[in-house]
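Subject: Structure handover

Hi,

Here is the structure I promised to pass on to you.

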Amino acid sequence: MAAVKTVSVLGATGSVGRSTADILLSDLKSYDVQAVTACSKAEELAALAVKLKAKSAVVADDRSYPILKAALSGTGIEASAGTEAMLEAAAMPADYTMAAIVGMAGLLPTIKAIEQGKCVAIANKEPLVAAGDLVLQTARHSGATLLPVDSEHNAVFQVFEPDNKAAIERIVLTASGGPFRTWPLDKLHGVTPDQAVAHPNWSMGAKISVDSATMMNKALEIVEAHVLFGLPSEKIDVLIHPQSIVHAMVEYADGSVLAQLGAPDMRIPIAHTLAWPARTRTPGKRLDMTGLSRLDFFPADETRWRALTLARQALKAGSGARIAINAANECAVAAFLAGRLNFTGIVEVTEEMMARADQKTPQSLEEILFMDQTVREQTESYILNTLSRKVC
């Protein structure tokens, strides 16, 4: 009988966190949940903590603490709040930590989890984009194993042969193309937030859904793939694949192309990381090959999806540009979701901020955070000058 695995879930009330909880609940006797965290959804977090029999629950927003404490009264589950409490939860010893806090807010907790030297499943790509070198350095120092959760990178991970890395000609990340794949370019200016978050295949949070619609999600994944697999930009391709069945491919020098297929359900890559290096059953959807009539693939037009070009520019420019593309995009997406920026403005603002970015290489976590904050302030100022409203 397999040993019980200790688990923490950072960002438990987000889409990835809820999917992780779904897997844990399907076989709870095999897991001992240490900590669950959320930004501010105290009632939802408390309910989840009770179901998972977690030892502690933490909200980042201090204002939500009274709600969390009241909801967990009498359960024996420790309730806490604030930045320090979040970091303490991330640092709790656990065999497996799901790092699923959206955005750069997830960087410090992810680093804390990695410092414990166990398995950390990374679902928030932003720390890898903005601080990839630091994340890898921390993992090397602690001996931690980093497991990619993004469906595309998890797919590459499953068919990537490290011993044959020199024979890899390219990896291919697939993209659905989002809800506006076939829209005329002149119609994109008027896209609404409700339209942008309505992804045709995946059920995701608002920020990542907008990123998928602009293809910035795929752009960030190009940078993430470079960090995770050590391949240059020219060996990382993107294909439009509307069905979202083939999640990634690795092409080798002998002409072999290894692909990972699966239903568009995040529980599948999450389960892969949760059981790694073994396999486990999950409540995730199963792929019915007999029900597939076709699989389509198209080149990704980087003149249509400018974000892809920005990612390749960021890889060539270095750390400052990577910090900028991530921070500026986060702020621009927040402005769009708040109705303060048009859809096409997201990529336009990001490109402008990349052009203004400090190109020095940060030497510490503090420098990374300072450069990130500087870009955010510059992005806010840039949009304020146009719209006269605070956006992030």
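Below are my notes on the sheet, the salt bridges, the backbone and the surface.

One thing to keep in mind throughout: this is a predicted model.

**The sheet**

Let's start with the open sheet, which has five strands in the order β11-β10-β8-β9-β12, with mixed pairing. Strands β11 (257–261) and β12 stand at the edges with a single partner strand each, so one side of each has no neighbour in the sheet.

Strand β8 covers residues 168–175. Six of its eight residues are buried, so β8 is largely enclosed by the rest of the structure. On one side β8 runs antiparallel to β10, joined by five bridges; here R170 has E251 in β10 as its bridge partner. β8 also pairs with strand β9 (residues 236–240), this time in the parallel sense and again over five bridges.

Moving on to strand β10 (residues 246–252), five bridges connect it to β11, and the two run antiparallel. If you want a pair to find on screen, M249 stands opposite A259 in β11.

**Salt bridges**

How many salt bridges does the count come to? The total is 21 salt bridges. As a reminder, side chains of opposite charge can pair when their charged atoms come close. I picked out a few for you.

- E126 and K207 form a salt bridge, with their closest N and O atoms 3.0 Å apart. E126 belongs to helix α6 (residues 125–142) and K207 to helix α9 (residues 206–214), so this pair ties together parts that are 81 residues apart in sequence. Both ends are tucked away by the numbers: E126 is buried at a relative accessible area of 5%, and K207 is buried at 13%.
- E302 and R312 meet through their side chains in a salt bridge of 3.1 Å, N to O. E302 sits in the loop between β12 and α12 (306–317), while R312 is in helix α12, 10 residues apart from it. E302 is partly exposed, with a relative accessible area of 26%, whereas R312 counts as buried at 15%. The cut-off for buried is under 20%, which is why the two fall into separate classes.
- E352 and R356 make a salt bridge at 2.8 Å, N to O. Both lie in helix α14 (residues 345–356), four residues apart, which is about one turn of the helix. E352 is partly exposed at 27% relative accessibility, and R356 is partly exposed as well, at 44%.

There is also a network of salt bridges that links D22, D265 and R267.

**Backbone points to check**

Most residues other than glycine have a negative phi, and most peptide bonds are trans. With that in mind, here are three places to look at.

W276 and P277 are joined by a cis peptide bond, with omega at about 5°. P277 is in the loop between α11 and β12.

M215 is not a glycine, yet its phi is positive, at about 70°. You will find M215 in the loop between α9 and α10 (216–229). Is M215 buried or exposed? It counts as buried, at 2% relative accessibility.

S244 likewise has a positive phi, near 55°, in a residue other than glycine. S244 lies in the loop between β9 and β10, and it is buried, with a relative accessible area of 5%.

**The surface**

In one, E161, D163, E169 and D254 gather as a patch of negative charge. E161 is in the loop between α7 (151–159) and β8, and it counts as partly exposed at 32% relative accessibility.

The other patch is nonpolar, covers about 330 Å² and is made by L261, M289, L295 and F297. Of its members, M289 has its place in the loop between α11 (267–275) and β12 (298–299).

Happy to go through any of this with you.

Best wishes

Conventions
Residues are numbered from 1 along each chain as its sequence is written. This is a predicted model: local features need pLDDT of at least 70, side-chain atom pairs count only at pLDDT 80 or more; totals for chains, interfaces and linings use all residues. Side-chain values use heavy atoms; hydrogens and water are left out. Patches are made of residues with over 30% relative accessible area and no salt bridge: like charges are joined within 9 Å, nonpolar side chains (Val, Leu, Ile, Met, Phe, Trp, Tyr) within 5 Å. Accessible areas come from the Shrake-Rupley method with a 1.4 Å probe; for residues, only the protein chains shown count as cover. A salt bridge is a side-chain nitrogen of Lys or Arg within 4 Å of a carboxyl oxygen of Asp or Glu. Lys and Arg count as positive and Asp and Glu as negative; His and the chain ends are not counted. The place of a charge is taken as NZ of Lys, CZ of Arg, CG of Asp or CD of Glu. Buried means under 20% relative accessible area, exposed over 50%, partly exposed in between (1.4 Å probe, protein chains only). Two strands pair if DSSP finds at least two bridges between them.
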